[in-house]
Amino acid sequence: MKKSTNVFFNELQKTQLFLKSCGLLALLLMVLEWTRPGLPSPLRPICDLRVLNHFIKEARDAEDAMKSCREGCSLSESVTVPQTTVDFEIWEKKNQAQEVQSGLYLLQQALSLLRASVTNTALHSHIDNSLRNLLSINAVLRSLNIQEYTPPASAAELEGTWRVSTATDLLQVHVNFLRGKVHLLLSDAQACQQDVS
Amino acid sequence: MKCAHLSRLVAVWLIVCAVWKASIVQGARDFEKKVSMLLREEPQNPKCFAEGRKDFTCFWEEDEERAGSVDQYSFTYTYQNENSSRCPLRALPAAGGKRLFICRLNRTQMFVQMDIKVHRLGTLIHNRSLLIELVFLLDPPANVTVSRTAHRDQLNVTWVPPPLKYMDDSMMYEVSYMTDDDSHVGQVEVVRASSELILRGLQPDRKYKLRVRVKLDGISYNGYWSAWSDPVTMETLPAELDALITSLTLIISFILIVLSLSMLLSHRRFVIKKVWPTIPTPDSKFRGLFTVYGGDFQEWLGQTNGGAWLSPAFFYSEECPSPLEVLSELSPCPPLPPKTSRALTTGSGEDKAIQTTSDNRELLESGDSALTERWRATPHDSWLMDRLRALQQNPVPGSQSSLLESQDAYVTLSANNHSGDQHLGDVLEEALPLQAIFASRKTALCESHSDLGSVQLSSGSGHLSSQSSFEYPGHVWMPKGTEYAYMAVADSGVSMDYSPHEQSGRLWETRDLRQRDPSS
């Protein structure tokens with residue numbers, strides 16, 4: 001009689017342990033899933049070009065602000081910027097995504113340098129805005145399933161770049177790049193074409 | 001065989017040439033339009049525009065006298081961070097004695113600054129820096145179509161945008177619409193990144209003229225407004241009456257019609273009287289004249305009693321000045337001269353007699369009150385009876401006085417109940433009740449004792465009428481004293497024609513009363 005009850009209780013304890021471990025495991029899995037680093041969830045494609053238009057307008061405002069700046073608005077050193085030229089016959093044959101991605105990267109570098117160089121506080125807000133917009137454009141590109149850009153080791157290896165030495169030229173390039181290549185890439189994106197049709 | 005083949009070839013070639021020339025002509029016209037538009041709007045020189053993704057055109061204008069040959073000029077353009085290039089120029093004559101120098105590029109670079117320099121014989125004459133994607137001048141939208149929608153105040157406009165890749169989302173359009181009569185300025189609607197528009201708030205049943213133009217929105221690309229497309233006309237649907245208002249109007253009008261009809265029917269007698277008033281006819285006064293004798297008055301007079309017709313006074317209106325006055329001066333009992341008896345004997349019913357009696361009537365009416373008193377006077381003299389006798393024996397065409405006498409005789413008979421002559425006796429007997437009647441009439445004028453009176457009167461009236469059918473050739477009737485009373489009786493309360501045949505007049509009066517009774 002005693003023996004049977006002992007056996008019964010032993011069995012009961014085992015079952016309890018098993019259930020607890022299962023619960024813990026489930027909890028662990030949930031936590032891991034939540035904290036999983038770096039893997040992006042598939043985003044809805046952002047095909048509305050009004051987002052980019054908004055960025056372009058803000059970049060134009062920054063350029064105008066820079067044109068009217070007299071002091072404390074110079075670039076400390078020359079920077080590498082992407083070429084903004086678009087020859088349609090050539091453009092259609094290029095790897096547009098890569099060109100845009102590398103160009104955005106270069107611009108981010110250049111604007112960061114400008115942010116450090118400029119002492120005018122009014123311009124700081126514009127430059128910060130432009131930097132945030134560049135990051136947003138990266139997010140838009142990601143939503144369109146465009147591959148992530150891995151920057152090269154040195155900037156000199158890149159083709160299709162220019163060197164600018166003034167803040168005005170830099171911001172002009174920034175505007176033209178957004179209006180040209182980025183805009184063309186987004187308007188011609190495959191993900192958006194399927195939505196339209 | 002060969003000839004046919006050749007001819008076919010020639011025909012085809014001609015057609016192709018014609019089409020090609022037509023397209024060239026059309027292209028040239030479009031170009032001219034753009035040139036003229038830019039000359040108006042662009043202040044800088046040279047004026048440049050891009051029509052598509054790959055082409056680029058620049059031009060400037062010079063006066064014919066001052067312009068040199070094309071070789072003197074050089075057009076140089078330089079992209080940012082690149083070497084300069086030259087553009088081949090060509091010259092075209094322009095309106096107003098001018099010359100155009102045109103440079104056209106078939107390959108361009110956008111989103112990069114372009115510096116343009118124009119030299120003439122080594123001298124810089126024009127200098128400009130621009131970005132090509134910011135100077136677009138597109139062709140107007142094609143295939144503008146307008147259609148009606150389900151609503152009466154709307155029109156649906158659609159068009160085909162210029163065929164530019166990548167740029168559809170960057171285009172904005174202006175739709176201009178106005179009524180056909182151009183009474184007011186046309187209105188404009190702006191559309192962005194869409195190639196159709198529904199116009200609202202239009203007037204129904206009007207013709208509208210619509211046209212569209214295009215421009216790039218200015219964010220990524222920019223440029224000038226294109227020329228207006230060819231106008232398209234469309235008529236909006238006519239306004240229809242609201243169903244509710246129509247039904248309400250019908251119901252209300254129906255109700256009003258029903259009401260008016262019912263009112264008309266309920267008051268139809270009144271309406272008929274007003275619209276078609278009854279013309280009084282004398283049929284009621286002349287019993288049997290029209291029904292029995294067919295309007296033959298003489299016959300009717302002869303057959304019916306004398307009291308059933310109007311006295312001759314009704315027909316005669318001859319003025320006899322003063323018989324009544326004379327009557328008032330006379331004493332009640334003067335004997336009449338014999339010649340008066342002549343007046344009594346006349347034929348039956350002549351107009352003159354009637355005229356006389358009508359005058360007498362007027363006189364009688366004037367002397368009403370006095371006559372009434374006289375009538376109550378003591379009965380008549382015997383001379384009246386003599387007169388009557390004379391009358392019976394010698395019927396003479398009556399003078400005025402004879403007429404009087406006959407009247408006197410009647411009155412006498414009625415008042416005194418004398419029965420002299422047999423004729424007279426008859427008359428008297430029959431006239432006996434007359435006194436009573438007159439008496440009764442004196443007391444109650446308006447009472448309808450007419451039945452009693454009429455019967456008796458009618459019985460006697462036969463005689464009376466025979467005597468009353470005298471001719472009265474317009475003599476003035478000279479009343480005696482008794483005639484006053486007689487006249488008063490005749491005159492009492494009833495406006496009617498007075499005549500020597502007062503009895504008949506009275507009879508008529510009673511008849512009239514009788515006739516009145518049923519209707520009252």
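At what angle do the axes of helix α5 (residues 121-143) of chain A and helix α6 (residues 167-187) of chain A cross? They cross at roughly 10 degrees and come within 12 Å. This is a predicted model, in which local features need pLDDT of at least 70, side-chain atom pairs count only at pLDDT 80 or more, and totals for chains, interfaces and linings use all residues. Residues are numbered from 1 along each chain as its sequence is written, chains are lettered from A and ligands numbered from 1 in the order written, and side-chain values use heavy atoms, without hydrogens and water.

Helices (H or I, at least four residues) and strands (E, at least two) are DSSP runs numbered from the N terminus. Axes are lines fitted to C-alpha atoms, for helices over the stretch in contact, with angles from 0 to 180 degrees between N-to-C directions. α5(A) and α6(A) are therefore roughly parallel (under 35 degrees; over 145 is roughly antiparallel, 65 to 115 roughly perpendicular, the rest oblique). In contact (heavy atoms within 4.5 Å), A:S130, A:L134, A:I137, A:V140 and A:L141 of α5(A) meet A:H174, A:L178, A:V182, A:L185 and A:L186 of α6(A).

Helix α2 (residues 50-67) of chain A also packs on α5(A): their axes come within 10 Å and cross at roughly 155 degrees, so α2(A) and α5(A) are roughly antiparallel. Residues of α2(A) including A:F55, A:E58 and A:D61 meet residues of α5(A), among them A:S130, A:I137 and A:V140.

In chain B, UniProt places the feature "signal peptide" (unreviewed entry) at residues 1-27; such annotations may be inferred rather than shown by experiment, and positions follow the numbering used here, with feature names shortened. Over residues 1-27 of chain B the chain is 96% helix and 0% strand, with end C-alpha atoms 39 Å apart.
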